[in-house]
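Subject: Structure for you to look at

Dear colleague,

I am passing on the structure we spoke about, and I would be glad if you could look through it alongside the notes below.

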Amino acid sequence: MTDEKKIEILYDHYKDTFENQKSYLQKRNYYTWICLGLIATLSFQMANPDESSVISTELIKKNIGDIKIDFSYINNVLTFTLLWVVIMYYQINFLIEKIYKYIQETECKLTKEMKPFEISREGKTYLDHYPWLSEVVHKIYSIGFPVTLICVSVIKWITEKKQLVEPFSNGHFWFDTLFLFGIVLTSLLYLTNRHFNDFKKQKKK
């Protein structure tokens, strides 16, 4: 295989990887909006439990029929849905970071093969001219959002505990405790991994 053919294959692979990265970024935005919607719903539910029950009953009656569903069950479903979306959100974030690193490594290979030409759109050039707004958005995605999820989970658990007469004998409360603990745990693991990787990068420098 000639050098020109190797460069052509590598560059095509680089373009395909970058296109895949754009689709992953769109997925992350999608999961973010779902998380925000669920957080807003759960926050309203915590602040207005009676109104939330009435609204849920009316929505069920309008869309399904005159069926009585325990509001605690709906609460469990919402909390589990948030846990599931949060896990997907962290997975896609890890994937995005991994692919950015891979794209930068591919750019280095292409630059080495194509000297004196340089390909550094997502590597050297991007990092040297990293806009402050992008830095702020990155911090929101990687730090602000996980911290918000932890705070919401803790507040929701405390609120539910106060609203129940005997919380620890309530099955729905235990399910919510399990789901909320899962959100806190995955958020802490994500934050720990983020800071550990940042520490390793600084140490290398």
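Predicted model: local features only at pLDDT ≥ 70, side-chain atom pairs only at ≥ 80, totals over all residues.

Residues are numbered from 1 along each chain as its sequence is written, and side-chain values use heavy atoms, with hydrogens and water left out.

Helices here are DSSP runs (H or I, at least four residues), numbered from the N terminus. In α2, the buried residues (under 20% relative accessible area, with a 1.4 Å probe and protein chains only) are S52, S56 and I60. These residues cover an arc of only 65° around the axis (taken from the directions from the helix axis to the C-beta atoms), which puts them on the same side of α2. On the other side of α2, D50, V54 and K62 are exposed, meaning over 50%, with partly exposed in between.

The structure holds four salt bridges, each being a side-chain nitrogen of Lys or Arg within 4 Å of a carboxyl oxygen of Asp or Glu. One of them joins E19 to K22, with the closest N and O atoms 3.2 Å apart, and both residues lie in helix α1, three residues apart. Another joins D176 and K156 at 4.0 Å, N to O; because D176 lies in helix α6 and K156 in helix α5, the pair ties together parts that are 20 residues apart in sequence.

Best wishes

How values were computed
Helix = DSSP H or I, 4+ residues; strand = E, 2+ residues; numbered from the N terminus.
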